[in-house]
Amino acid sequence: MASLGVGGVYAAKPDRSRLRRRVANNAKSGAGAGVAPAAAGMGRSAATASGGAASACSSLSSSLSALAAPVEILLSQLQFTGLTSSVFYTMIALPNTTVPPAVAAAWSTVLGWTDFANLDSLGVTAMLQALPATGALNFIRLQLASFIEAMPWTWVYMCLTCLTPLTISFVVLLLYKSTANILWLFGLTAGLATLLTGLLLRNLAPIDRLVLLNPNLTPDIFTWLTVAGLGMVALCLLVQAVGGWFRLRVALVQAKFKLRLTAERYKRKDASALSRSLAVAAARGRYGAPRSPAVLIRSGILALLFLSLGVSPILDAHGRSEAEVVALRSNPLYSSILQAFFFIAAVLFVLHLALLSCEWGRKRLADAAAVVNAVFIDVLLLVLSLLFTPVARYLLQVYVPLTLNCAPGEWFPVHAFTLETAILGAASPQAALLAASGRGRNGACEACMFYDYGLAADSSQTGTANVSLTGAVPVLSATCAAYGDACRGETRTVLDADRSLDFNAQVQPFYYPASLLMLFGFTGMLIYLYYAIVRAHVRALETVPINSETLADLAEVAASKQWRVCALLSCANPRAQPSPLALSRIALGEAAYGLAAITPLTPRAVAPTQAPHPTHGFESARPALTSRLHVERAAAAAASMGWEYRVLRSRNRARTVYSHFSYRWRYFRAIHVLQKLALVLVVTFAAKQVVVATSCMLTIYALWLLVALLQRPYFDGASNALNIAASLACTVNAVLLLLAHHGALANLSQTGMVLLLLGFNILLPLWCFGSGLLFSCRKRRALAAVADVLEEALSPPELVQLMTTRKRVDLQLNVTTLKLFASAFMASAFCAVLAVFVIVLGQVYASAQGSVVQATPDSLGTVLRDIHGYPTCEVESRVAAVEFLFPERPSWPAFAERCCCRDRFPTVPSLANRTELWTCEDKQAPPALQRSIHKQRRRVVASDDGVDRSGLAMRAFCAPAFEPGLRPPTWQPEVLAFAPTFEAGGGRPLNWELW
């Protein structure tokens, strides 16, 4: 056979017509399904023999792998269209928008729901509204809608960017790592997080304010947290060191045992002991063998955990009133969707535990594990591709601030939480009602409505009103005589995504590092993982031998084909296209760059330089430029065909990472992730500048369209055709956006816009995908035929050696893939756990350090004396500082004289007239800041039996004076609290805690 030389000279004329006939005959006869001709003999049949279960798993894996690329392209198009739609909605929301109403209506109808693929709340809501409202589907739709409405941004951020990657990492580690390794990882991470929590809260948050979040918090708790964190970290490091030493000793003992066993076997002694050891090893690995007790314990613990999480809302609702149950179910943690998920998980782990108890169940689990191993990588890559855009979008949203200016007479609502609601972010019944009412989530300024009872409330001297204020109607005013700067207007820097978060106090110190951790632990991890897998697999696959002469002849045949229009229409892989670097070298006339220097895929594909044929020398018959171009085309074809052959015959688990792409674009998956990241950056940071954002998106889409058209990076024609159609649709959407912004679509009707959007976004991709399927099948048959031609040239011993090498390489690649996946997802889990702790720590710190002093707990004085150990004489001053805020005059008359009161939740009917918010000047702040401080007081609370307990009989809502006959609160040593008393007798009234 002829060989292709380094300089592009041909040793002999290849019989191209014979090669074409062999490839065509093999393709027509259905060759290439992994079954080689009979000439290969025993070696070929040994490679194709497998069990029925293995064949079924291989067939299922091949089918899912073939569908993975088109599904991923469609999902990417849907997400890109959703990003474009978000810019479109920003455009039509501008006050001076020039978008025609017909265009806006058509876009909302056809593409308004596409942002649900990015898990945007508006897109998901639009998607739910588009679903039919009938039967069980309507119930699911309503449950999802209420669940999404109750989920504040902080919880969506934590669940999507931290808990979801943590769950994925947990599942991957369960499959690829032992239980001991998983426990060690989470123990180390929890130890670091506990250590940081103890140190930061002890040194940053004042204990007096933390007590208001939970009276049981003491400085000793932070000391114990620090000690516990150090102990957990030290224990994990000790376990790692001891485990390493133990593993080394075990490896040494095993090596000695193998040496002794080999010696005994060589001397033909102790054959019975050898047989027993081999029988034990075979019994451990047999089909349906018993599992380790650690696996049973793990399944039982997880079943109990998920079952307890599922029944906890039921247990909490037991014995409560109907109103309390409604308030409890408004918490997103107690939603029916999460309950169903917990119960399903518990049932699955119980089923797993039951199947492990019998041999039949273990066999079925082994079959299921084989199927999962066959399809897990495909499903995992699809899930990661779907989650990358929304996760990256939420991670980057924390870096976008917004400055809000409230005019005089307006204020920006601030919040105060208990420790439970602080840890849960804003996932509380009050937060759910605020979100439903539109308050606290959009962050708009609100009018100040201070209560003014006039001269009837004489509190300046005694704190007791002259007349009863019960039933009196106060005047709601935007100003307050007691504190003139209570509502002077303010300027706040908040997070644009959730304007209830203060950007300087909450986002920068805590959400910044959490996002950095997950940008490294998820987005960066994915890019590195794809790159590392492809690089390791390419190096390993290059060791699989190929008949160099046959490959060179086939490459010559492919390079000799002329460019045809039908090749472009069929979206065939341009395997014979030279790289841009090679074309540049040709144009510069650098003939020194030979074939082996450009695409060194396989050294055996290039034969030594031989003298040119006397009648077929291209250098003398054609110009030098044409000859060099032909050499480059042959080299590119050889590299591509060698890559396709090796990937086609490989059976390693992670081949789907690169098997959909050509050799030149083997890193396409990592490049695609970078494209998504670029689009998310544009939408996140330039969405409000619609022209800049649309121009940047158009540039990205146009470049991607050029790559899809000219390079066609996918392996099969259907994926290439679908990729071209999807890229064209995204490009057309961006062009329509620019035209609509400049008013160029004013004469386009709504029907025409609908047809245009439907044609490019739905009909064109479906048509291209359907037409590409035909060419894809033809291409796969041709590639399989080429693979058979390459193997026909091998002798039976060489074929056996090839299959042995290929099997060894596949096993090596499976081990390498396992290590890469385990390392990458262990790092992701580590970052996710730390990010969760940082966010929770930020919520607690912000709640303790904020400008709202929480309502005083009933047992604060007792807790300070009995738990914190303060002397009784000091307890009074500490409680007074919490109740009255002014240490120089700790009394109710002084407090009411300097502060103004309003309703804490005036726009929520179920929460109105229950909680007061007193606004005072912060005397402890620097004079230049002129900062306000707020004190929250509970006036009406729900008791355990569902009946409201009220303190309005002692003092009207927001009244500065108490009812006649009552003295203002004074220190009561017997209850260690400030409480009002009757003027006659000195007793305390009913519900005195709610004064």
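A cavity is a set of grid points where a 1.4 Å probe fits but cannot get out, and its lining residues have an atom within 4 Å of a point. Rolling a probe the size of a water molecule over the atoms shows where empty space is left. Keep in mind that this model is predicted.

A search of the whole structure turns up 9 cavities of 30 Å³ or more. The largest cavity holds about 240 Å³ of space. Its lining is made of 20 residues. To find the centre, look for Thr856, Asp858, Glu883, Glu993 and Trp995, the lining residues that lie nearest to the centre of the largest cavity.

Strand β10 gives the largest share, 4 residues.

Now move to the second largest cavity. Its volume is about 120 Å³. Here 15 residues form the lining, and Phe80, His672, Trp704, Asn723 and Ser727 lie nearest the centre. Four helices each supply at least two of the lining residues: α3 (52–92), α24 (668–686), α25 (690–711) and α26 (717–741). Helix α3 gives the most, with 5 residues. By class, this lining divides into 8 nonpolar, 6 polar and 1 charged.

Two of those helices, α25 and α26, also pack against each other. Their axes are 9 Å apart, and the packing angle is about 155°. Angles over 145 degrees count as roughly antiparallel. So α25 and α26 are roughly antiparallel to each other. The crossing of α25 past α26 is left-handed. On the α25 side, the contact includes Val690, Leu698, Trp704 and Leu709. On the α26 side, it includes Asn723, Ser727, Leu728 and His741. The contact of α25 with α26 has 16 nonpolar residues, 6 polar ones and no charged ones.

Helix α24, another contributor to the lining of the second largest cavity, has a partner of its own. Helix α15 (residues 359–397) packs with α24 at an angle of about 30°, with the axes 9 Å apart. That angle makes α15 roughly parallel to α24. This time the crossing is right-handed. Where do the two helices meet? Leu381, Phe388, Arg393 and Gln397 are among the α15 residues in the contact, and they belong to a set that meets residues of α24 including Arg669, Lys676, Leu681 and Phe685. By class, the contact of α15 with α24 has 10 nonpolar, 4 polar and 3 charged residues.

Helix α12 (residues 293–317) and helix α14 (residues 336–355) have axes that come within 8 Å and cross at roughly 155°. That crossing angle makes α12 roughly antiparallel to α14. Helix α12 passes α14 in a left-handed crossing. How many charged residues does the contact of α12 with α14 have? It has no charged residues, alongside 18 nonpolar and 5 polar ones.

Technical notes
Residues are numbered from 1 along each chain as its sequence is written. This is a predicted model: local features need pLDDT of at least 70, side-chain atom pairs count only at pLDDT 80 or more; totals for chains, interfaces and linings use all residues. Side-chain values use heavy atoms; hydrogens and water are left out. On a 1 Å grid over the protein atoms alone, a cavity is a set of points where a 1.4 Å probe fits but cannot get out, and a pocket is an open set with protein on both sides within 12 Å along at least five of seven lines; lining residues have an atom within 4 Å of a point. Grid points are joined across faces, edges and corners, and a volume is the space filled by probe spheres set on the points. Ala, Val, Leu, Ile, Met, Phe, Trp, Tyr, Cys and Pro count as nonpolar, Asp, Glu, Lys and Arg as charged, and the others, Gly among them, as polar. Axes are lines fitted to C-alpha atoms, for helices over the stretch in contact, and angles run from 0 to 180 degrees between N-to-C directions. Angles under 35 degrees count as roughly parallel, over 145 as roughly antiparallel, 65 to 115 as roughly perpendicular and the rest as oblique. A crossing is left-handed if the near helix is turned anticlockwise from the far one by less than a right angle, and right-handed if clockwise. Contact means heavy atoms within 4.5 Å.
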